[in-house]
Amino acid sequence: MATRITIDPITRIEGHLRVDVNVENGKVNRAWSSGQMWRGIEQIVLGRDPRDAWTIVQRICGVCTTVHAMASVRSVEDALKLEVPLNAQYIRNMIMNAHSIHDHIVHFYHLSALDWVDVVSALKADPAKAAQLAESLSDWEGNSRHVMADVQNRLKTFVGSGQLGVFTNGYWGHPAMKLPPEVNLMAVAHYLQALEVQRYANKIVATLGSKTPHIQNLAVGGVSNPISTDSQSVLTVERLLLIKEMMDKLGSFIRNCYQVDVAAVGAFYSDWTAIGAGVTDYLSVPDMPIDTKCTKFMTPGGFIKGGDLSTYKPITSYADSYFRDGVAESVKHSWYKYSAGAGALHPWKGETTPAYTDFQDDGKYSWVKSPTFYGKPAQVGPLANVLCGVAAGHQPTISHLNRMIDTVSQLSGTKLPISALHSTIGRHAARAVRCGVVYESLQANWQALMENIAKGDVATFNKPVFPKGEIMGVGLHEAPRGVLSHWSVIKDGKIANYQAVVPTTWLAAPRGEDEAVGPYEASLLNTPVADPERPLEVLRTVHSFDPCLACAVHLTDKENKTVVQVKAL
Amino acid sequence: MRVVILGIGNILMSDEGIGVHAVEALQQRFLLPDNVEVVDGGTTGMELLPDLQGAHDLIVIDAVRVGAAPGSVVRLEGEEVPAFFKTKLSPHQVGLCDVLAALRFSGGAPERVVLIGVQPVSLEMAMELSPDVAAKMDRVLELVTEELAAIGSPARARV
């Protein structure tokens with residue numbers, strides 16, 4: 001019998017992501033990914049000063065404030081062909097690196113780990129054995145028997161008090177949960193330690209960005225932190241040394257805890273290396289520029305066709321026409337209409353005119369548009385980035401990936417091929433690899449900034465001057481969730497058009513112009529579903545993308561709503 | 001004793017931004033004692049942990065959906081502040097409730113939580129509050145300052 005499952009956490013006035021799947025013979029045979037809220041954010045910046053756009057667009061999204069700010073200033077700088085001083089590049093890079101590290105750690109431990117970890121089962125663990133296991137995997141300081149016993153006691157109190165809180169909706173005892181109690185206890189211990197550690201990443205963003213969650217120090221043309229070697233009120237060497245201390249704490253956690261935990265989950269769930277590949281055309285962009293013109297980068301990016309690394313084609317600079325000519329967006333299955341009727345539009349010509357129908361399985365069913373790269377959907381995100389890094393011969397990526405694959409192979413007893421990455425669990429592995437790479441970039445940018453200041457260069461800003469007439473720019477950023485691009489058209493110094501093509505638009509896209517299926521929908525096909533009332537497997541695959549629709553509504557909601565609906569077809 | 005006043009919401013969606021607008025107005029109109037911190041939380045989630053950890057009192061200002069008439073101002077305290085969670089698809093659903101629960105589990109949750117909420121009239125894409133909700137700003141600030149007075153950290157009106 002076929003069953004339709006709808007996962008729609010939000011109803012009525014709020015709107016995020018809704019996922020529908022048809023399940024037949026225990027597997028998904030059709031999927032719909034739907035953004036449930038209109039994102040007309042672009043229209044708010046029309047007619048405004050391009051120098052202010054970034055402060056507004058960083059409010060698009062509650063989770064990725066920094067990345068929109070960054071893509072926005074780059075978009076205007078690209079339009080003006082404005083160079084960015086080296087110090088500003090390094091400071092921006094460090095902000096982006098720290099933000100990515102924060103995002104990846106929080107995503108794994110606090111959003112998606114509970115898809116794989118059975119918290120209640122951890123109560124049955126033997127703390128001594130859990131410590132023994134954890135200590136055999138790494139020399140992380142938070143693995144002692146004492147720590148494990150303490151965490152288990154806290155968990156007992158927490159569960160006993162009926163305040164399961166963040167864990168209320170866990171799928172405890174689900175047949176797809178396979179970790180032994182000791183591994184579950186280890187994961188809960190690291191969940192708590194991650195709560196502590198993530199704040200160091202946040203503190204780095206706050207120190208460099210002058211404020212968090214919404215940074216204040218960006219400017220079209222650089223950053224607004226004056227650098228001084230003697231004043232206390234600006235970015236001083238003393239503050240930079242404080243940042244170094246926080247960096248070191250992050251580095252140890254990423255290497256000895258996060259990457260090892262992901263490897264352990266991967267080893268216990270190795271069947272998930274065969275589930276959830278979806279779209280295997282991969283797109284990423286280079287980032288962490290180390291020259292003023294944005295032509296040299298610390299991390300590479302490009303395009304890979306059909307999962308075959310030999311097809312890799314690099315994107316060489318932010319001005320590379322290979323990227324900017326390749327992007328278009330369709331609204332065939334989205335609740336918008338284009339003035340020219342059918343056909344995809346390039347973002348500089350993009351339109352955001354709503355045309356709501358209801359949810360139509362074969363018609364329009366999402367507020368998300370369908371972006372394509374040369375006419376085809378593409379998967380973006382850490383997996384795309386890691387595969388491009390390997391194809392480009394990027395050493396930090398290769399060494400972190402080899403370590404990950406070795407650890408998983410050692411734990412599971414079988415040597416995994418790199419093709420195992422095209423999967424649900426592969427996306428988690430790639431994110432942990434990327435986190436290690438980004439950490440190295442953070443260290444390198446810190447070093448480069450210190451050295452540049454030591455040379456006597458304290459420049460952080462080039463003043464933008466807007467010409468009469470029309471100019472166009474695109475700002476690229478390899479954000480934690482993948483390729484982000486902000487496209488701006490500026491006329492006589494005011495914004496005349498603005499389009500943000502965000503990572504989740506690439507990933508959560510409904511079907512496109514030629515019915516090609518986007519990454520979420522494609523990855524859900526053939527996913528096994530043991531219990532339609534508790535579709536844990538669907539959540540695992542969707543969560544592996546780190547979904548984030550750029551439409552944060554954070555209404556406090558006292559009305560409890562049904563989340564999962566199941567109906568027989 | 002540390003007191004945190006947290007305004008949350010999205011200022012691009014009219015009344016959704018009431019919390020952020022309210023903490024801005026609060027700072028413009030009042031002088032606050034040194035132990036009171038004001039945080040513009042925007043629409044973030046877990047990033048708020050360090051700001052909230054170790055606070056004795058937490059006063060949250062937010063748009064709320066409590067089934068009241070649009071424009072209603074409500075005060076919720078302690079267990080009335082929702083502490084349930086849902087199947088989550090995206091980190092946008094990691095809200096204040098989850099942050100508070102994480103703090104309860106890891107230690108350092110505020111002793112007392114009060115939420116001053118406004119049922120929104122409009123969630124349209126706009127940077128201004130709807131006139132009906134804007135008219136409630138004085139009432140919201142009155143409730144916040146009453147709260148501060150009750151916990152012995154009174155605000156003084158700027159002159």
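Colleague: Quick one: does A:Lys81 count as exposed or buried, and why?
Modeller: A:Lys81 counts as exposed because it has 10 C-beta neighbours inside 10 Å. The cut-offs: 20 or more other C-beta atoms within 10 Å of a residue's own make it buried, 12 or fewer make it exposed, in between is partly exposed, and C-beta atoms are placed from the backbone.

Colleague: What should I know about the model and the numbering?
Modeller: This is a predicted model, where local features need pLDDT of at least 70 and side-chain atom pairs count only at pLDDT 80 or more, while totals for chains, interfaces and linings use all residues. Residues are numbered from 1 along each chain as its sequence is written, and chains are lettered from A and ligands numbered from 1 in the order in which they are written.

Colleague: OK, where is A:Lys81 found?
Modeller: In the loop between helix H2 (65–80) and H3 of chain A. Helices (H or I, at least four residues) and strands (E, at least two) are DSSP runs, numbered from the N terminus. A:Lys81 also has a positive phi of about 55 degrees, although it is not a glycine.

Colleague: And A:Asn25, what's its phi?
Modeller: Near 50 degrees, again a positive value in a residue other than glycine. A:Asn25 sits in the loop between strand S2 (17–24) and strand S3 (27–35) of chain A. A:Asn25 is exposed, with 8 other C-beta atoms within 10 Å.

Colleague: Switching to helices: at what angle do H3 and H11 of chain A pack?
Modeller: About 155 degrees, with the axes of H3 (residues 86–112) and H11 (residues 424–454) 8 Å apart. Axes are lines fitted to C-alpha atoms, for helices over the stretch in contact, and angles run from 0 to 180 degrees between N-to-C directions. H3(A) and H11(A) are therefore roughly antiparallel. For the labels, under 35 degrees is roughly parallel, over 145 roughly antiparallel, 65 to 115 roughly perpendicular, and the rest oblique.

Colleague: Which classes of residue are in the contact of H3(A) with H11(A)?
Modeller: There are 14 nonpolar, 10 polar and 2 charged residues. Here Ala, Val, Leu, Ile, Met, Phe, Trp, Tyr, Cys and Pro count as nonpolar, Asp, Glu, Lys and Arg as charged, and the others, Gly among them, as polar.

Colleague: How do H7(A) and H10(A) cross?
Modeller: At roughly 45 degrees, and the axes of H7 (residues 237–268) and H10 (residues 395–412) come within 8 Å. H7(A) and H10(A) are therefore oblique to each other. Their contact divides into 7 nonpolar, 4 polar and no charged residues.

Colleague: Which residues touch the most other members of the largest nonpolar core?
Modeller: A:Val188 and A:Leu387, out of 212 residues. H6 (residues 181–209) of chain A gives the most to this core, with 16 residues. Such a core is a set of buried Ala, Val, Leu, Ile, Met, Phe, Trp, Tyr and Cys residues joined through C-beta atoms within 7 Å.

Colleague: What does A:Leu387 touch?
Modeller: Not counting residues up to four places away in sequence, A:Leu387 touches A:Tyr282, A:Ile304, A:Leu309 and A:Leu421. Two residues are in contact if their C-beta atoms, placed from the backbone, lie within 7 Å.

Colleague: Over in chain B, how many residues of helix H3 are buried?
Modeller: 9 of its 11, so H3 (residues 96–106) of chain B is mostly covered. Among the buried ones are B:Leu96, B:Asp98 and B:Phe105. Just after H3(B), B:Gly107 takes a positive phi of about 105 degrees.
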